[in-house]
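Have a look at the structure first, and then read on.

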Amino acid sequence: QAAAMIEAAQQGNLAVQQYLTYNVYQAYEGVHAARAYIKVAEQAKVTADEFVRTTKNLMDEGVVVRSEYLTAKVHQSMAEVELLKAQGQEQIAFDSLRMLMNLEAGAPIEVAERFDLELSVDSAEELLGMAMSNPKLEAQRKEAASSVFEVDAAKAEFYPNFNVMLRQEWNDDSLSLANGSYTIAGVVSWKITDFGVTSSSVDMANASAQQKRAKVHSEENKLRLEVLTSWHKMQVAKKQVQSDLLAVQQASEAQKLIMKRYKGGVSTMTEVLATQTQLDKARAHLAAAQYDLNVYKAKIRLATGTMDIQSL
């Protein structure tokens with residue numbers, strides 16, 4: 001039983017290491033996602049500043065009214081707020097990473113370029129098979145296997161006991177110890193009844209074993225669901241990244257066109273801001289989709305027991 005529990009502890013230790021690796025990677029991705037949002041917010045602020053400058057010039061020339069200029073100023077202020085929010089999210093992401101890396105608050109930390117995870121196989125069926133050897137699941141299996149010995153230990157009270165005693169003595173008037181005696185005794189005892197105490201112990205051990213086996217089965221089903229859920233969400237995230245890339249290109253072209261029309265006095269500031277807002281949203285959605293894609297990959301690797309630092 002102890003040997004089985006040691007194996008369970010070893011697998012549990014490996015599972016904890018992989019879970020910590022997953023959380024560190026998620027926090028690492030969080031930093032990059034926050035930086036992407038900052039980049040989007042910075043671009044939005046530069047554009048908002050340009051809108052204010054352009055609108056001010058057009059207002060001075062009498063092309064647009066003052067309300068157009070005030071609308072541009074409001075948009076500029078909102079862009080500044082969004083930038084502050086994005087910078088705050090970056091600090092939160094850094095704090096989470098420091099905590100997971102056991103660093104002091106405010107300790108300097110350098111984050112390298114974004115690292116996109118890759119899966120060893122590209123099939124849901126193969127991933128499900130890999131998930132069945134997950135370290136956490138193996139730990140629970142070993143723990144369930146150790147419960148068999150608990151049942152055997154409880155059943156031992158039904159068996160007879162045989163005790164052996166060996167004894168030797170020396171008795172003499174001097175230090176020669178010439179007179180020795182030996183005693184050998186064997187005692188067999190068999191408990192006739194303990195009024196159901198042993199039977200109750202066996203029943204409790206069996207119930208505990210069944211509960212642990214049921215827990216293993218439940219964990220297997222849970223892992224299958226996690227793999228399938230993350231797999232399907234990952235496929236959606238891949239399509240979302242492609243879609244958002246196209247959306248950014250389209251929104252960028254639309255924004256350039258409407259800006260030319262505005263400078264020519266054909267369009268209004270409201271239309272300009274609408275296209276800019278659309279572009280900002282497309283960029284933000286792209287950053288979120290890239291983050292989701294990598295996190296779903298990390299979840300699959302965690303569920304399949306391949307989220308180890310050596311493979312990253």
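A term to settle first: helices (H or I, at least four residues) and strands (E, at least two) are DSSP runs, numbered from the N terminus. With that in hand, the largest share of the nonpolar patch, three residues, comes from β1. Please keep in mind that this is a predicted model.

**The nonpolar patch**

The patch covers about 600 Å² of surface and is made by Phe162, Val164, Leu166, Ile184 and Val188. Two strands, β1 (161–170) and β2 (180–189), each supply at least two of its residues. Phe162 is part of strand β1. Its relative accessibility is 55%, so Phe162 counts as exposed, the cut-off for exposed being over 50%.

**The overall form**

Stepping back, the protein has six helices and two strands, and along the sequence they follow the pattern α-α-α-α-β-β-α-α. The radius of gyration is 35 Å, whereas a compact globule of 312 residues would have one near 20 Å. Along the principal axes, the C-alpha atoms fill a box of roughly 130 × 50 × 35 Å. Of the 312 residues, 37% are buried. Among contacts with a separation of 6 or more, 79% join residues 24 or more positions apart. The accessible surface comes to about 19,000 Å², and carbon and sulfur atoms hold 57% of that.

**Salt bridges**

Side chains of opposite charge can pair when their charged atoms come close. In this model the count comes to 14 salt bridges, including these:

| Pair | N to O distance |
|---|---|
| Glu90 and Arg35 | 3.3 Å |
| Asp60 and Lys56 | 3.0 Å |
| Arg141 and Glu220 | 2.9 Å |

Arg141 is partly exposed at 25% relative accessibility, while Glu220, at 14%, counts as buried. These two residues also belong to a network of salt bridges with Glu138.

The salt bridge between Glu90 and Arg35 likewise links distant parts of the chain: Glu90 sits in helix α2 (residues 66–100) and Arg35 in helix α1 (residues 2–60), 55 residues apart. Glu90 is buried, at 14% relative accessibility, and Arg35 is partly exposed, at 32%.

Asp60 and Lys56 are four residues apart in helix α1, so about one helical turn separates them. Asp60 is exposed at 51% relative accessibility, and Lys56 is partly exposed at 32%.

Note on methods
Residues numbered from 1 in each chain as written. Predicted model: local features only at pLDDT ≥ 70, side-chain atom pairs only at ≥ 80, totals over all residues. Heavy atoms only, no water. Patch = residues over 30% accessible without salt bridge, like charges linked within 9 Å, V, L, I, M, F, W, Y side chains within 5 Å. Areas by Shrake-Rupley, 256 points an atom, 1.4 Å probe, with all protein chains shown as cover. Salt bridge = Lys/Arg side-chain N within 4 Å of Asp/Glu carboxyl O. Buried < 20%, exposed > 50% of the residue type's maximum accessible area, 1.4 Å probe, protein only. Rg over C-alpha atoms; globule rule 2.2 N^0.38 Å. Contact = heavy atoms within 4.5 Å.
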